[in-house]
Amino acid sequence: MPKLTKQIVDNETQYSLDLPVKVLQFGTGVLLRGLCDYLIDQANKQHVFNGRIVVVKSTAGLSDDFAEQDGLYTVCVRGVDSNGETIDEAVTVGAISRVVSAQDNWRSILQVARNPHLEVIISNTTEVGIQYVEENIFQNPPQSFPAKLTAFLYERFRTYGGKRDKGVVVIPTELITDNGLKLRECVEKLSAYNELGKLFNKWLKYHVKFCNSLVDRIVPGKPDAATQAQLEAKLGYEDSLLTVAEPYYLWAIEGDDRVKKVLSFEQLFDNVIVDEDISYYRERKLRILNGSHSASAPLGYLSGFDITYQCMQDPAMSKYYESVIYDEVVPTLPFEDQLAELKVFAGDILSRYRNPFIQQKLIGITLQQTSKMNARNVATIQRYYKQFGSVPKHFALGFAAYLLFMKAVKNENNQYFGQRGESFYLINDDQAAYFSEQWQGVTVETVGTLVNEVLSNTKIWDTNLTKLAGFAETVTELLTEMMTNGVKATLEKAIL
């Protein structure tokens, strides 16, 4: 079976390969490839936008897969649409011109800054990527992502003398609130530290547009070996970069008319939104999608399930997802005039969870579970109390399972492991050591003390959750039952 290269792609993709580079992208991850790069490719094939992407890889090496395939890869879109129809289609993406390692070839990346066609910079360097680090941007290469970006922008400024039409639109897609504003702040601090001058700062202020943005698409990435072989047999070629994605997507970008003009592909896609305020899209995703994930993942995992799809096939877990979303999240969102639309969105979320093609691992969702519970669900719990004046029982159940999930049974080289049945799992959380200490010596009779200690920790929750009437007592009762009778039995008793 041949390997995917430009010799075997169709005419539309061949046309796209001749387009100029208009985008610099920091990050090679599957979300960017399965969403942003995918959409740019689709626009190119419709003769809109008409630009390719140079991708910056932060680490050394490992760009051979892209080079061997001429930057090409396949996105297999698999799932069920809102009408219940199965979607199973493959798209060859030719938007990536090349992938360059910053560690190995930083000068080559700086040369892209001199490209007159460049208009857009995209990034996804994980949530910790947008942090200010005081460093010299003239290193080869700079270490942090903001420093790399500052060096790149300064090279462009020096090349074109601060011309207005050589400014760019910067769109970070890291999953943090106000990602564009925070990235701009880092760049401005680095400019001051490196004494880049008033003219550069003026160009940065007026001609480099930093946009807050929000991305949403489940892109698990490369499938398991059996599915990979099955898909490649159907495609007729080997693809080491093959990526699976769900049909649903959203890319919301905070921008003005200038941004709309630059991102000309926005006109082609209903779910690519350029608006001066994207807070509505951010809030509904954070609370409904991300919030329900974080509330449910420990509960599902400790009930014996490994992926979201398995949870949705179980009557109790499926009802839990539905109940926490419809009964406790949607009614508390501050968009009363859009309640009907929010319910439709919630239904779409549940349909996405039921997608049999997406193997979304629950243990992966629990990465940094504590900070996610705080960012995604504490405000919802507080809103529920304000609106209904009672305990949100489904969130209490999820919270109890989360506390049990954080119980470490062993510590190896400062890595903490919990236990499910006969197997162990890594507690991948910055608060793992704290919880390990809190669980020391705790019994069924004394678990209430642990609950009160954790819920009252304002450093974790930015508030004292024991002040919410009945919440600590309900969590304690449910956690006690989980420790006594098991998580799955407690779930079924509470929900069915």
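Salt bridges link R78, D88 and K234 into a network. A salt bridge here is a side-chain nitrogen of Lys or Arg within 4 Å of a carboxyl oxygen of Asp or Glu, and the count by that rule is 20. The model is predicted, so local features need pLDDT of at least 70 and side-chain atom pairs count only at pLDDT 80 or more, while totals for chains, interfaces and linings use all residues. Numbering runs from 1 along each chain as its sequence is written, and side-chain values use heavy atoms, with hydrogens and water left out.

**Between strands**
- D88 pairs with R78, with 3.2 Å between the closest N and O atoms.
- D88 sits in strand β4 (residues 86-93) and R78 in strand β3 (residues 73-80), so this bridge ties together parts ten residues apart in sequence; helices (H or I, at least four residues) and strands (E, at least two) are DSSP runs, numbered from the N terminus.
- D88 is partly exposed at 32% relative accessibility, whereas R78 is buried at 8%; buried means under 20% relative accessible area, exposed over 50%, and partly exposed in between (1.4 Å probe, protein chains only).

**Helix to loop**
- R352 and E246 form a salt bridge with their closest N and O atoms 2.5 Å apart.
- R352 belongs to helix α13 (residues 339-353) and E246 to the loop between β10 (243-245) and β11 (250-254), so the pair ties together parts 106 residues apart in sequence.
- R352 is buried at 7% relative accessible area, and E246 is buried at 2%.

- K45 and D41 meet in a salt bridge at 2.9 Å, N to O.
- Helix α2 (residues 30-45) holds both K45 and D41, four residues or about one turn apart, and both are buried.
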